[in-house]
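I opened my notebook to look up a few residues and their surroundings. Here is what I worked from.

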Amino acid sequence: PDYGGLEVSGTQTINGGRYDYINLNGDDHLILNPGLYCLYGNFQTNGNQTLEVNPGAPMNQGVTIYMAAGDILLNGNSNVRLRAPAIYQPPAIKGLLIYMPPSNPGIITLTGAEDSWFRGTVYAPAGAINVGGSVDILYSSEFGGNTVYVNGSATISITDDAMVNYTRPPMIELNR
């Protein structure tokens, strides 16, 4: 479904689909039900917000965020708790948290407050990925981008766990 642009107000729970943009401001709380989120503009938090996968969903379910255009800026003092699916969960992609196709040379900025964590692969072959901040954040992720920057004063723990990251399925090709 095409939901247009979303200016979050208060606490909202949303489903996967197409969004022109998603903006959180003030003390907003956005809950993402497991699924695939396709964005054609920016996805951003600006300070004291909470962004999380539905805490009532099983831990092996999660979200894939496909950034067709625009940037993803999860920064400020926001509590961000995002995970990719750890199981086959179409249309979301197992192990893939954020994907920017080669046609999008955007920026992915992942910082957050003390309770923030990210689980799953972040892949932006033509884009830049910025991780860091001033508080300790857990990344159970692998990062692939044109450039990847790690910055800030925080202790950053990046754990490449094959069980939660994206792995391209094997393919068999027949040649004559």
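**Core entries**

I started with Ile22 and left out residues up to four places away in sequence. Ile22 touches Leu6, Val8, Ile14, Leu30, Leu39, Asn42, Phe43 and Gln44. Contact here means heavy atoms within 4.5 Å.

I noted the ground rules next. This is a predicted model, where local features need pLDDT of at least 70, side-chain atom pairs count only at pLDDT 80 or more, and totals for chains, interfaces and linings use all residues. Residues are numbered from 1 along each chain as its sequence is written, and side-chain values use heavy atoms, with hydrogens and water left out.

Then I looked up the largest nonpolar core, which has 33 residues. A nonpolar core is a set of buried Ala, Val, Leu, Ile, Met, Phe, Trp, Tyr and Cys residues joined through side-chain atoms within 4.5 Å. Buried means under 20% relative accessible area, exposed over 50%, and partly exposed in between (1.4 Å probe, protein chains only). Ile22, Leu30, Phe43 and Leu82 touch the most other members of this core. Strand 15 (residues 121-133) gives the most to the core, with four residues. Strands are DSSP runs of E, at least two residues, numbered from the N terminus.

I found Gly132 in strand 15. Gly132 counts as buried because its relative accessible area is 1%. Its C-alpha atom is 6.9 Å from that of Leu110, 22 residues apart along the chain.

I counted four aromatic pairs. Rings of Phe, Tyr and Trp (its six-membered ring) pair if their centres lie within 6.5 Å; planes under 30 degrees apart count as stacked, over 60 as edge-to-face and the rest as tilted. Why is the pair of Tyr99 and Tyr123 stacked? The planes are at 25°, with the centres 5.9 Å apart, so the pair is stacked. Tyr99 is in strand 12 and Tyr123 in strand 15, 24 residues apart. Ring pairs also link Tyr3, Tyr19 and Tyr37 into a cluster.

**Loop entries**

I checked the loop between strand 11 (79-83) and strand 12 (96-99), where Gln89 lies. Is Gln89 buried or exposed? Gln89 is buried, at 12% relative accessible area. Leaving aside neighbours within four places in sequence, Gln89 contacts Pro34, Gly35, Asn60, Gln61 and Gly62.

Pro91 is in the loop between strand 11 and strand 12 too. The peptide bond from Pro90 to Pro91 is cis, with omega near 5°. Most peptide bonds are trans.
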